[in-house]
Amino acid sequence: MNPTLKTRTISEIKRKLYDLSPRLQAAAKYILDNESDFGLDSIRETARKSGVSSYTVVRLSQQLGFAGFEDLREPFRHALVSLNGSAANAAWLEKWQGADANALTAAASNSMAIVSRSLERQSPARIREVAELMTSARDVYVTAMRASYGLAYNFQYVGRMALKSLQIVPRQMSSAIDELSDAGPEDVLIAITFTPYSHETIEAMAFAKSRGVRLVVVSDSEIIAPGLDAEHTLLVSTNSTHHFACNAGAMAVLELLLAMVVEIGGPEAAKRIESYECLRKGTRAYWAAQKKQ
């Protein structure tokens with residue numbers, strides 16, 4: 001099989017997405033967001049997960065130029081990289097015993113696999129491009145809401161030690177749009193959002209785009225809302241064994257970006273980080289046991 005067929009199929013789905021009917025769009029977006037599952041599942045399971053009928057999945061296959069579901073699924077199956085990988089076989093997991101072992105082993109294996117899968121979806125070139133975009137910007141805004149806000153806060157809190165222009169929005173009780181009112185083409189907005197996408201984050205992204213702000217998105221999908229074309233999208237996996245999304249992969253990708261920002265910052269960034277550390281030690285920010293007299 002042509003190894004580029006999956007890539008070309010994905011490109012074709014993206015090109016046609018907004019010309020499809022709502023039901024076909026739902027099936028198409030499911031495929032884009034769940035490539036591995038799609039490569040494994042039957043037509044009935046794919047239909048169930050995407051919330052459409054099996055007939056809709058067949059129609060989508062034909063709209064994309066395939067004879068049927070199996071032909072559409074085949075390039076995804078062929079290119080499939082298991083989410084479980086070797087993580088599920090980690091020796092230390094075998095030591096977990098007890099009533100909760102099965103649930104915890106599944107969750108631990110999933111978290112390691114999600115990190116691996118999320119990192120696999122990146123490229124050094126793209127991470128560098130995003131980091132260079134950040135270091136050359138006048139201001140770099142980071143926005144997220146609800147569960148994703150913790151990721152954004154950590155990224156900004158740590159990253160600002162190396163990059164002075166990095167700031168989180170919203171702060172306190174304001175809205176992100178309030179704090180983006182002076183932003184423009186010289187600035188960058190990093191938006192972190194996962195399914196179900198935050199209304200406030202989508203509005204902030206749309207407002208930033210209207211001001212010419214360059215947009216970087218960290219998400220589980222390249223297709224979030226019409227008209228929100230980002231300069232860069234860092235795709236991560238968020239599948240979990242429980243009700244809530246697994247953010248381990250997103251954190252790992254943000255750590256990559258922080259590492260590159262520090263690398264590009266060179267001696268100046270290192271000096272800023274050292275200055276922060278000296279300040280904290282000088283103000284006793286870190287607890288230390290009293291020495292015995």
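The dialogue below moves from the whole chain to its strands.

Modeller: This is a predicted model, in which local features need pLDDT of at least 70, side-chain atom pairs count only at pLDDT 80 or more, and totals for chains, interfaces and linings use all residues. Residues are numbered from 1 along each chain as its sequence is written, and side-chain values use heavy atoms, with hydrogens and water left out.

Biologist: How many helices and strands does the protein chain have?

Modeller: Helices (H or I, at least four residues) and strands (E, at least two) are DSSP runs, numbered from the N terminus. The protein chain has twelve helices and five strands. Its C-alpha atoms fill a box of roughly 75 × 55 × 35 Å along the principal axes.

Biologist: What percentage of the residues of the protein chain count as buried?

Modeller: Buried means under 20% relative accessible area, exposed over 50%, and partly exposed in between, with a 1.4 Å probe and protein chains only. By that rule, 42% of the 293 residues are buried.

Biologist: Which way do the side chains of strand β2 point?

Modeller: In a regular strand, side chains alternate between the two faces of the sheet. In β2 (residues 166-169), L166 and I168 point one way, whereas Q167 and V169 point the other way. All four of these residues are buried.

Biologist: Which strand is joined to β2 by four bridges?

Modeller: Two strands pair if DSSP finds at least two bridges between them. Strand β1 (residues 140-143) runs parallel to β2, with four bridges between them. Within this pair, V140 stands opposite L166.

Biologist: What kind of unit do β1, helix α9 and β2 make?

Modeller: A crossover is right-handed if, with the strands pointing away from the viewer, the path from the first strand over the helix to the second runs clockwise. Together with α9 (residues 149-159), β1 and β2 form a right-handed β-α-β unit.

Biologist: Is strand β4 mostly covered or mostly uncovered?

Modeller: β4 (residues 214-219) is mostly covered, with five of its six residues buried. Five bridges connect β4 to the parallel strand β3 (residues 188-192). The chain passes from β3 through helix α11 (residues 199-210) to β4 in a right-handed β-α-β crossover. β4 is also joined by four bridges to β5 (residues 232-235), again in parallel.

Biologist: Which residues stand opposite V216 of β4?

Modeller: V216 is the bridge partner of I190, and H232 in β5 also stands opposite V216.
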